[in-house]
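Reader: I should like to learn how to read a structure of this kind. May I put some questions to you once it is shown?

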Amino acid sequence: MKNKLLFLACNLTTLMLFAQTSSNSCADATNAPQHIDAAGTFSITSFDGTAPTNICSFTGVATNGEWFMYTPSSDYLVSVSSDIAGNDASDTRLFIYDGTCGALSCIASSDDVGVGSNVSGRLSTASFTAIAGQTYYIAWDNYWLAFGGDLGFNFELTETVLAPVGFSSVALNTGGTFRAVVDMNNDFLDDIVSIVTRSVTPPAPDTPYNVFDVNIQQQQVSGGFVSTDYMASAPYAASWSLAAGDINNDGYNDLVFGSGSGVNIIRAENNGTSYVVDTATSGIFTQRTNFVDINNDGHLDVFVCHDVAPNIYYINDSNNNLTFYQGADSNGVPEGLGVYPSGGNYGTIWIDYDNDRDIDMFNAKCGGSTSRRTNQLFRNNGNSSFTEVSVASGLADPIQTWSAAWGDFDNDGDLDCFVGGYNGTSHKMMRNNNDGTFTDVTASTGISAFTYTGIDNVTADFNNDGYIDIFSNGNILLNDGNANMSFTAYTTGMPPHGPIGDLNNDGFLDVYSSRIYYNDGNANNWIKINTVGVQSNKNGIGARIEVSSPSFTTPQIRDVRSGEGFRFMSSLTSHFGLGSDTTINSITIYWPSGAVDIVNNPSINQSITIVEGSTLSLQSTLTEDLILYPNPTNGLLNINTTYNLENAIYTVFDLSGKRVLNSKLSSKTIDVSMLSTGNYFLRIMVDGLITTQKFIKE
């Protein structure tokens, strides 16, 4: 069992010049008595052999070349480089092939990329994935004879053990600032969203200015992407973050993004075939953006982190009109959600940390004084109000955090928190105690040894083993799947930062970062779930999903959320790895409206769409002796039952079916004094059972 973070270091043999010498041709290298079979430093004394004629993407065949044959003993990420000390007078050109001498295929090449030993950048470095036992040929030529290409030099070959998760990249240029991997045309296939700059030249004497449009690379059912630019004419760039969600519940996602000068809300129109500016607000130093139903009325609201002032938000009324609020406001959120006068708000994420089936918010903070940069946790009180509980929960950290990654890392049924450090500040791992508090378990997970820091930290199960991983600033912390919550860090060959989704619909999570980084996949199984709200918002943002399968004693959990990490918007499709499980017992969805859907025994390795209210719900028998008193009541409602209500969740609905109160049941008394006079229904859920009783509020 691993109890610390293991880092994959290059398997370098002590730096010495191996006895292996170069050969004059591919055939000579094949027949040489000694081949390269391990990492090391190798020597070329002169160029008098046959030059390569397959020169990859370069031009001009050299007069001479030198050859080596390499056969790895295991699967490795291999780097071959002349950019080492002592080669500052050389100008090299490198080719790497597989195949046979009569039919060589170029798999890597390099010219003029050295930046370490040679200040003029005339050396070579190339990397490739090598398969155990397969033959590769390394060739150098003297094309740059006038610059020292005929001189001998040393080169270094390094081997890095391949990670259990790998990626193959494919070029795809969006022509703008890439920000999202999310479905935009309602086909439940993830698309790529970028914001592109367009220059506008008005009539004199006005000066030219820039506006910002939307580029969508739409994933096709048959594979590949079709690129379309949509004129939106937004006044502010997507300098920091972007989020997507369906404001008006028409099935097509809208966007929010901004810069240090302001924020735009862009609405999709005409079935997603055009985009217009719904709202643009100046003077907002926009950081993380989110779509979330703050007041749980079934309509998505918009939340924006403000760097230099209290946070702002837009509340969506029943007619899909957005009203701007900042900080505490009796007509918005009475307590506000991040009201520090000079801001410091960087990365918000909306999650149900206390398992009471309503959505809470973590506010990652950075910069300035201790009070300005102390992270915050806002508990949803279930009645459109929030309480800041970071101190009581143990998450009040002043550690310079741009974003935190939330996931059930130990698969015990509640969300834990990886608090990301920035600019050299150490990360923290906080285990959820399922009582509203968190324990610092950084030391036992080994996270403290992971020193790569940055601004983007998100969760995803990249290898589909059923244990959620952390994507941290171009590195993947792969969950070891044990009670210690330990991780193995893979820092080589991983995608750079970027949004996450399934970009070839194969059930494995990919990353977009100027190129598509396709997940190479494995034999593990999976399920993808699309949530379609009816009483809840159309995306089902804020829903809790549980997937129960045979190998996991506790169901895996996900919250549907819009906007996590710092910059990017990842897929709204909820993805679960299943490991070797070939069946699923059930999928349970707890919707923001309070509705519950259950799908029993769904097939694996598919994308399934679940519409709110379309399936079975929880069994409607809790106990026969549930009595509410006094009934009618003007304040406190008492519950009389012999049933064990530990961990029970209660919800109060009005006669229209709207959820008006929601929380965990801490005692057998509920305060309903804030409710208006009228008739209500109390629902109690516990251990997979449910009961509903009517009461009257006087």
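Reader: Over which residues does pLDDT stay under 50?

Author: This is a predicted model, in which local features need pLDDT of at least 70, side-chain atom pairs count only at pLDDT 80 or more, and totals for chains, interfaces and linings use all residues. Residues are numbered from 1 along each chain as its sequence is written, and side-chain values use heavy atoms, with hydrogens and water left out. The term pLDDT is the predictor's confidence in each residue, from 0 to 100, and the chain averages 92, with 94% of the residues at a score of at least 70. The stretch where pLDDT stays under 50 is residues 1-18.

Reader: Why should one be careful where pLDDT is low?

Author: For residues 1-18 the model has 50 contacts beyond four places in sequence, a contact being heavy atoms within 4.5 Å. Where confidence is low, however, predicted coordinates should not be read in detail.

Reader: How many helices and strands are there in the chain?

Author: Both are DSSP runs numbered from the N terminus: helices are H or I with at least four residues, and strands are E with at least two. By that definition the chain has 3 helices and 52 strands.

Reader: What is the radius of gyration of the chain?

Author: This radius is taken over C-alpha atoms, and the globule rule is 2.2 Å times the number of residues to the power 0.38. For 698 residues the rule gives 26 Å; the chain's value is close to this, so the chain is as compact as a globular protein of that length. The radius of gyration is 29 Å.

Reader: Which strands stand at the edges of the open sheet of 3 strands?

Author: Strands pair if DSSP finds at least two bridges between them, and the order here is β46-β47-β50, with antiparallel pairing. Two of these strands have a single partner each, so one side of each is left without a neighbour in the sheet. They are β46 (627-629) and β50 (669-671).

Reader: Which residue in β47 does Ile627 stand opposite?

Author: β46 and β47 (residues 636-640) pair in the antiparallel sense over 3 bridges. Opposite Ile627 stands Asn640.
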